[in-house]
Each structure stands twice: as C-alpha cells, then as structure tokens.
Amino acid sequence: MYPQRWLPLIGALALFGAGCQPKSEPSENKPAISPEVSLPGVDTSALTPRERREWAGQVSELLAPCADTPVSIAQCVKEQRACKACLPAAQYLLGHVKAGRAKSEREQAFHSRFDANKTKTLVLDGSPFKGPPEAPVTIVEWADFECSACRVMAPVLDQLAERFPGQVKFVYKYYPLMSHPHGEIAARAGIAAQNQDKFWEMHHQMFEHQDRLEQTDLEQYARTIGVDLPRFKKDLTAEETTQRIEKDKKQADELGLTGTPMVFINGREVETQYINNLYEDLEDWVKLDLQLAGIAIPPPPAKAAPKPENGAAPTASVAASAAPATSAAPAAGAASASSKPAAGGAKAP
C-alpha cells in the first residue's frame with residue numbers, strides 16, 4: 001500500500017505517455033488484411049474487428065520465441081508445440097494491441113520480452129540484495145535516491161518480493177545522477193549503511209524522506225536505524241565507497257543506461273515504454289519466468305480486512321499503479337551515455 005502522500009505523485013505519473021488514440025503505421029507500410037485467427041487460451045472478444053486482424057497478422061508472422069520451434073506463434077499454439085512461451089507471447093501481443101500500440105512497437109516489445117539475444121549477464125558481486133541468493137528470479141535495479149521515478153518504483157519492487165516469497169532476489173545498484181544535487185551523497189549513505197548490514201533500512205528512510213537528503217538528514221536516518229555513526233561518517237568519504245559507485249555506473253553505462261530507474265529481470269531489461277500497468281505487468285513478468293522454469297506460482301497473499309474508523313463500515317481500497325515519470329535533466333556539461341532519455345525515468349548524465 002502506498003503512503004497516502006504519494007498518491008498525487010502516482011496519479012500524475014500514471015498520465016505520463018498516455019494517449020487515447022491507437023497508433024497506426026504509415027499507409028505505405030500497412031500489411032495486407034489478415035484472416036482472423038482463433039487460438040485456444042487467447043480471448044480476443046474485447047478487440048474490434050480491426051484489432052483482431054492486426055493481432056492475427058502479427059501472431060501469424062512472428063516466429064515462436066523458442067529457437068528450436070521454427071514456426072509462427074499462431075502455429076505453435078494451435079499445434080501445441082513444446083515451446084512453453086508461445087501462448088504467453090500471443091497473450092502478450094494481445095495486451096499491446098489493446099493498449100493501442102503500433103505494429104512496430106508491438107514487435108519491438110515482443111523481441112524485448114522474448115528474444116533470447118536480449119538477455120544480458122549482470123555482475124552482482126558486492127551489491128546489496130534481499131531474498132534467497134539462488135532465487136529463480138533476480139531483479140536488478142539501478143537507481144538514484146533523489147529520482148522521483150525511482151521512489152515510485154521502490155514500493156513496487158518491494159511488493160513483488162512480498163508477492164513471491166522465496167522466489168525473488170532483489171538487487172540494488174547505485175547510479176546517482178549529476179542532475180540531482182543530493183544523489184551522490186545519498187548513494188554514499190546507502191553504501192555506508194550497507195557496510196553495517198543496514199542498507200535496506202537506509203534505502204527506505206531515504207526514499208520515504210526524499211526531499212530531505214542533506215548530510216545532517218542522512219546522519220539522523222543513520223541514528224534512527226541504529227548504525228555506528230562515526231564509522232558511517234568515515235565510510236561516506238572512503239575511497240572504497242567511490243569505487244563501488246563508479247563500478248555500478250560503469251556497468252550500467254555499458255548496458256546502455258539512459259535514465260533511472262533501469263530494471264532487469266533475469267538479465268532482461270524491462271523497457272518501460274512497453275509497460276502498460278507497472279505493478280501488474282511486472283507481476284506477470286515474474287509469473288511467466290517462474291512458469292517457464294517449471295516452478296509453481298504461489299497464490300497471492302490474503303488481503304487483510306481494513307479496520308473501521310470511528311465505527312464506520314470498512315471501505316475497499318483501490319490499488320494505484322503507474323509508470324515512472326520524467327525527472328530533471330542532467331547538469332550542463334555532464335558526460336552523456338546517450339541522448340535518448342529513458343521512458344518514464346530520470347535522464348542519465
């Protein structure tokens with residue numbers, strides 16, 4: 001549940017990049033009208049006739065997401081081939097048709113999610129993490145404690161770890177942006193707390209109080225979580241702290257980071273421009289990775305009934321979800337890894 005004071009921010013972020021009209025390809029690139037396709041396990045009843053034709057054409061054109069299954073997604077599903085990812089791929093494309101995405105965007109989103117060549121090997125040594133070391137799903141995030149989009153992402157990733165107990169490892173990596181005056185000292189505070197096994201406590205303190213990240217504030221948070229303050233202050237400026245930040249930033253730059261947060265799940269980047277609903281899409285992502293690994297998906301945790309206030313009857317709560325929003329641009333003169341800002345995130349220097 002998000003803190004009440006975050007809801008206006010989340011509501012604003014939900015509007016980022018939203019559009020009412022479906023996108024279309026230039027007329028010269030429009031494909032020939034495709035026959036309708038019906039696949040078991042895929043409900044297209046909510047689509048318009050045009051949308052059904054677009055979806056049918058794409059699942060008939062794109063190859064199944066398994067190298068040893070050289071047939072279309074549609075044929076793979078119809079013939080019940082061994083590739084477990086075919087039906088999820090058809091459903092995934094359906095979701096993007098519903099979202100009004102253009103054909104080229106749907107194809108890019110499909111390759112981003114299912115293409116084996118999109119998977120990267122990430123170096124995780126020394127990074128703070130929570131969850132089982134050998135969990136079947138590893139989520140890695142590069143973030144900046146002063147980035148508003150990272151603050152929105154933080155509780156979502158916490159919820160995923162709670163939703164899949166024992167099955168998700170969450171790894172944090174530092175990428176303070178030059179555009180954020182307190183980004184680096186906050187990253188240093190995270191490392192100083194990490195050195196005393198208190199990273200996650202400090203992580204939550206800094207995102208909870210993102211508008212108060214002066215050194216005096218950080219020292220107060222350190223006292224609150226119970227770290228040794230003299231050691232904490234020493235580690236803030238230690239050379240090892242600088243090296244950790246530079247190591248994380250170097251790896252992110254090599255991966256093509258253009259903004260924060262940058263999130264990978266099992267080595268595959270979550271490209272936020274293809275996210276329709278932040279929490280639900282990431283939950284589905286983790287579910288599919290577990291399913292493809294042959295691991296049972298745990299049932300969602302039971303929701304506790306809200307307590308009535310002043311004798312009033314309990315009311316249902318509405319869960320809010322959003323894509324991250326644009327944060328401030330980098331300071332002038334900063335070295336740039338890319339001129340293209342990350343969709344929904346703070347631009348990297």
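I call a residue buried when its relative accessible area is under 20%. I'm working from a predicted model, so I keep that in mind throughout.

**Entry 1: helix H5**

I started with H5, which covers residues 103-114. Its twelve residues reach 16 Å from the first C-alpha to the last, close to the 16 Å expected at 1.5 Å a residue.

Which residues of H5 are buried? I noted Glu 105, Arg 106, Ala 109, Phe 110, Ser 112, Arg 113 and Phe 114. Looking down the axis of H5, I see these buried residues fall within an arc of 165°, so they line one face of the helix. A reminder to myself: an α-helix has 3.6 residues a turn, so residues three or four places apart point the same way.

What do the buried residues of H5 pack against? I found helix H2 (49-61), H3, H4, E6 and H12.

**Entry 2: the whole chain**

Then I zoomed out. I counted twelve helices and seven strands in the chain. Of the 349 residues, 47% are buried. For contacts with a separation of 6 or more, 73% are between residues 24 or more positions apart.

**Entry 3: the sheet**

In what order do the strands of the open sheet lie? Five strands make it up, in the order E1-E3-E2-E5-E6, and the pairing is mixed. E1 and E6 (268-269) are the edge strands, each pairing on one side only. I reminded myself that strands of a sheet pair through backbone hydrogen bonds, either parallel or antiparallel.

I went through the pairs one by one:

- E1 (residues 129-130) and E3 run antiparallel, joined by two bridges; here Phe 129 stands opposite Val 171.
- E2 (residues 137-143) and E3 run parallel, with seven bridges between them; Trp 142 has Lys 173 of E3 as its bridge partner. To get from E2 to E3 the chain passes through helix H6 (residues 148-163), and this β-α-β crossover is right-handed.
- E5 (residues 262-265) and E6 pair in the antiparallel sense over two bridges; Ile 265 has Arg 268 of E6 as its bridge partner.

I also looked at helix H12 (residues 278-292), which lies across E2, E3, E5 and E6 and runs at about 145° to E2.

**Entry 4: helix H7**

Next came H7 (residues 183-194), where the end C-alpha atoms are 16 Å apart, in agreement with the 16 Å that twelve residues should span at 1.5 Å a residue. H7 is mostly covered, with ten of its twelve residues buried. Among them are Gly 183, Ala 186, Arg 188, Ile 191 and Gln 194. The buried residues of H7 pack against E3 and against helices H8 (199-208), H9 (215-225), H10 (229-236) and H11 (239-255).

**Entry 5: Arg 81**

Last, I picked a single loop residue. Where does Arg 81 sit? I found Arg 81 in the loop between H3 (73-78) and H4 (86-98). Arg 81 is partly exposed, with a relative accessible area of 34%. Leaving out residues up to four places away in sequence, Arg 81 touches Thr 69, Val 71, Gln 75 and Cys 76. Thr 69 is twelve residues from Arg 81 along the chain, and I noted 7.6 Å between their C-alpha atoms.

How values were computed. Residues are numbered from 1 along each chain as its sequence is written. This is a predicted model: local features need pLDDT of at least 70, side-chain atom pairs count only at pLDDT 80 or more; totals for chains, interfaces and linings use all residues. Side-chain values use heavy atoms; hydrogens and water are left out. Two strands pair if DSSP finds at least two bridges between them. Helices (H or I, at least four residues) and strands (E, at least two) are DSSP runs, numbered from the N terminus. A crossover is right-handed if, with the strands pointing away from the viewer, the path from the first strand over the helix to the second runs clockwise. Contact means heavy atoms within 4.5 Å. Axes are lines fitted to C-alpha atoms, for helices over the stretch in contact, and angles run from 0 to 180 degrees between N-to-C directions. Buried means under 20% relative accessible area, exposed over 50%, partly exposed in between (1.4 Å probe, protein chains only). The expected span of a helix is 1.5 Å times one less than its number of residues. The arc is that of the directions from the helix axis to the C-beta atoms.
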